[in-house]
Amino acid sequence: MCGIVGYIGSRPAREIIINGLKRLEYRGYDSAGLAIINGETKIFKCKGRVMDLEEMVNKTDFNGTVGMGHTRWATHGEPNELNAHPQISYKGNFIVVHNGIIENYALVKKHLQSRGIQFTSQTDTEVLANLIEHLYLEGDLTAEQAITMALNRVEGAYGLVIICAKETDRLFAAKKGSPLVIGVGEGENFIASDATPIVEYTQRVIYLKDDDLAVIMKDELILKSIRPKNIEPEVKQVDLKIGEIDKEGFPHFMLKEIFEQPRAIHDTFRGRVLPDHSGIMLGGLHTVLETISKSERIIIVACGTSWHAGLLGEYIFEEFARIPVEVEYASEFRYRDPIIKKGDIVIAISQSGETADTLAAVKLAKERGAMVLGVCNVVGSSIPRETHAGVYTHAGPEIGVASTKAFTTQVTVLAMMAFEIGFLKGVISQDYYKTLIDELVSIPDKIENALKVNDQALELARKYKDTRNALYLGRGYLFPVALEGALKLKEISYIHAEGYPAAEMKHGPIALIDENMPVVVVATRDDTYEKIINNIQEIKARKGNVIAIVTEGDELIKKMADYVLEVPATLPSFSGIVAVIPLQLLSYHIAVLRGCNVDQPRNLAKSVTVE
Ligand code: G6P
């Protein structure tokens with residue numbers, strides 16, 4: 001999950017590449033590098049962030065109109081300058097930036113070493129660069145031939161941009177598994193891991209497909225295959241505005257994205273809810289709706305926060321569509337020979353649409369004959385292109401590594417799907433359908449109100465920022481919210497946190513409760529309300545600190561809990577996306593107060609494109 005940017009044209013490449021890398025830093029940020037061509041090729045690399053690279057590069061005037069850059073998330077070899085990309089082949093003829101993993105690198109390396117070729121880094125990328133060089137020199141091939149031959153000999157996943165020092169009027173780009181997008185300009189062309197670094201310059205893009213090899217020149221673009229066949233490039237229009245990827249005055253992307261949720265959810269249902277609220281029409285599912293409504297089982301596959309959205313989806317689907325649902329971690333599903341029966345529907349949920357395990361789960365489910373649907377945010381990403389049908393969340397770019405608006409918009413999509421299918425199946429009446437849609441349409445305002453707890457969340461964060469552990473509890477629809485709240489806290493503030501179904505507390509976690517243990521109880525009013533009150537009493541009896549998320553006006557819990565954060569009342573099926581807001585804010589403020597890098601927490605990446 002590294003980020004790649006390449007440029008060829010007439011403008012100074014350095015600035016375009018550095019700016020592009022900043023936009024891609026969410027993909028990885030442990031080291032960065034840049035190659036610029038101007039007669040000679042100069043490489044700049046450093047451990048650390050794009051900012052550090054920029055500082056280094058700014059010490060020279062060297063610039064050119066061709067170049068490429070990389071921001072890394074280490075897979076092979078620790079993050080240091082040697083292992084940073086670009087990697088250069090042993091005679092210096094090939095310069096390579098790479099996202100992905102070359103799985104048979106050890107074998108190839110051994111073979112090359114036996115031919116006397118020396119390696120300077122621990123990366124799989126250098127192995128590929130050296131293989132290309134070796135074939136180029138031994139076989140007296142052109143750069144294109146050597147790259148094609150090498151790519152036919154390696155296994156694994158890659159998004160690659162390659163410069164040949166002897167043919168500097170072109171960039172070579174190749175894709176298998178890891179995404180690459182070409183931006184088509186006038187007298188200039190761009191290449192990047194996603195469209196965000198490109199949209200500032202052009203909205204015309206080509207998504208490379210697996211096995212594509214692109215030869216990108218200033219005025220020309222040739223699309224080939226590493227297999228023997230030629231391809232017609234298909235240019236698409238991307239609808240992404242540059243303002244959508246700036247912080248817009250917020251100190252962090254995460255906070256901006258938390259506050260964007262009313263708008264994001266509105267965009268998720270906009271144009272999909274009939275004006276009189278009598279129905280929902282999800283265009284992407286139009287042709288398969290009948291099949292879904294007849295299915296006997298739905299399997300949801302996802303990772304991380306998207307998995308939590310899937311868990312909420314299970315509750316919603318079973319209640320409203322009456323279809324049994326299983327929710328699986330994509331990484332488990334893909335490796336455990338799952339039973340997929342005829343008529344099963346697999347729904348893959350992924351913000352990025354690129355998560356390697358989720359993508360592999362999609363491919364496996366397809367091979368086994370399931371109809372596969374996608375619920376993704378990034379338009380044109382790999383998962384939506386692999387699935388039979390699907391629904392985009394339309395949340396806009398999510399840059400903060402901790403997922404916020406992706407979660408609430410994913411749940412919104414799953415609710416819309418369940419309601420539409422439930423109505424089609426006759427499980428819910430027209431009146432009830434309309435009530436659900438009325439409530440859906442009111443959710444952006446309710447979230448706007450829930451966001452008013454921001455100051456209180458900051459106050460609470462000041463009290464709890466030094467805690468070492470925290471427990472999050474919820475029941476029913478609020479159990480996945482407890483899991484999500486705990487994940488938010490641990491991923492950005494490095495505080496250990498566990499989410500549990502509140503009743504399970506008695507089977508273990510209760511032993512942890514003492515006067516130092518903050519317990520966040522998600523206790524908005526629904527069918528499990530009475531039960532969770534008992535759980536709060538059990539915690540208080542053991543001197544635990546209770547922070548309760550409650551429905552506005554709840555006087556009962558206010559008397560029992562140490563602190564309450566209030567959110568507006570809603571139907572149980574939407575309670576998750578309203579109650580999660582204070583939890584997002586609480587973890588955000590705790591992380592900021594602890595001096596953590598909120599948008600780019602250590603060891604994490606926004607899009608995990610390695611398994
Ligand atoms: C990474 C991110 C998480 C995200 C997960 C799944 O771990 O840091 O925020 O929830 O991947 O990503 P996806 O793009 O598939 O939703």
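This is a predicted model: local features need pLDDT of at least 70, side-chain atom pairs count only at pLDDT 80 or more; totals for chains, interfaces and linings use all residues.
## Around the ligand

With Q351 the backbone does the work: one of its polar backbone atoms is 2.7 Å from an oxygen atom of the ligand.

How many residues surround the ligand? There are 13, and the closest are S306, S350, Q351, S352 and T355. Helix 9, which runs over residues 304–320, gives the largest share of this shell, with 3 residues. As for the site itself, the ligand sits in the second largest pocket.

## Salt bridges

Now for the charged pairs. A search of the whole structure turns up 31 salt bridges. One of them pairs D211 with R227, and their closest N and O atoms are 3.3 Å apart. D211 sits in the loop between strand 11 (204–207) and strand 12 (212–216), while R227 sits in the loop between strand 13 (221–225) and strand 14 (236–237), so this pair ties together parts that are 16 residues apart in sequence. Is D211 buried or exposed? Its relative accessibility is 16%, so D211 counts as buried. R227, with a relative accessible area of 31%, is partly exposed.

Another pair is K558 and E566, where the closest N and O atoms are 3.9 Å apart. Here K558 is partly exposed at 35% relative accessibility, and E566 is partly exposed too, with a relative accessible area of 24%. Elsewhere, salt bridges that share partners link K256, E260, R263, D267, R270 and K405 into one network. You can pick out R263 and E260 in that group: they form a salt bridge with their closest N and O atoms 3.7 Å apart. R263 counts as partly exposed, at 35% relative accessibility, whereas E260 counts as buried, at 13%.

Next, have a look at F253, which is in helix 6 (residues 253–259). Which residue is 145 residues away from F253 in sequence but 8.0 Å away in space? That's E398, with the distance taken from C-alpha to C-alpha. F253 has a relative accessible area of 15%, and buried means under 20%, so F253 is buried.

A few spots in the backbone are worth a stop. H85 and P86 are joined by a cis peptide bond, with omega at about 5°. To find P86, go to the loop between strand 4 (66–72) and strand 5 (87–88).

Then there are two residues other than glycine with a positive phi. For H394, phi is near 55°. H394 belongs to the loop between strand 19 (389–392) and helix 13 (405–425), and H394 is partly exposed, with a relative accessible area of 35%. For Y494, phi is near 60°, again a positive value in a residue other than glycine. Where does Y494 lie? Look in the loop between helix 16 (479–493) and strand 21 (496–501). At 27% relative accessibility, Y494 counts as partly exposed.

Key:
Residues are numbered from 1 along each chain as its sequence is written. Side-chain values use heavy atoms; hydrogens and water are left out. A salt bridge is a side-chain nitrogen of Lys or Arg within 4 Å of a carboxyl oxygen of Asp or Glu. Helices (H or I, at least four residues) and strands (E, at least two) are DSSP runs, numbered from the N terminus. Buried means under 20% relative accessible area, exposed over 50%, partly exposed in between (1.4 Å probe, protein chains only). A residue is near a molecule or strand if one of its heavy atoms lies within 4 Å of it. A polar contact is a pair of N or O atoms within 3.5 Å; within protein, one must be able to donate a hydrogen and the other to accept it, and residues adjacent in sequence count only if both atoms are side-chain atoms. On a 1 Å grid over the protein atoms alone, a cavity is a set of points where a 1.4 Å probe fits but cannot get out, and a pocket is an open set with protein on both sides within 12 Å along at least five of seven lines; lining residues have an atom within 4 Å of a point. A molecule sits in a cavity or pocket if more than half of its atoms lie within 2 Å of its grid points.
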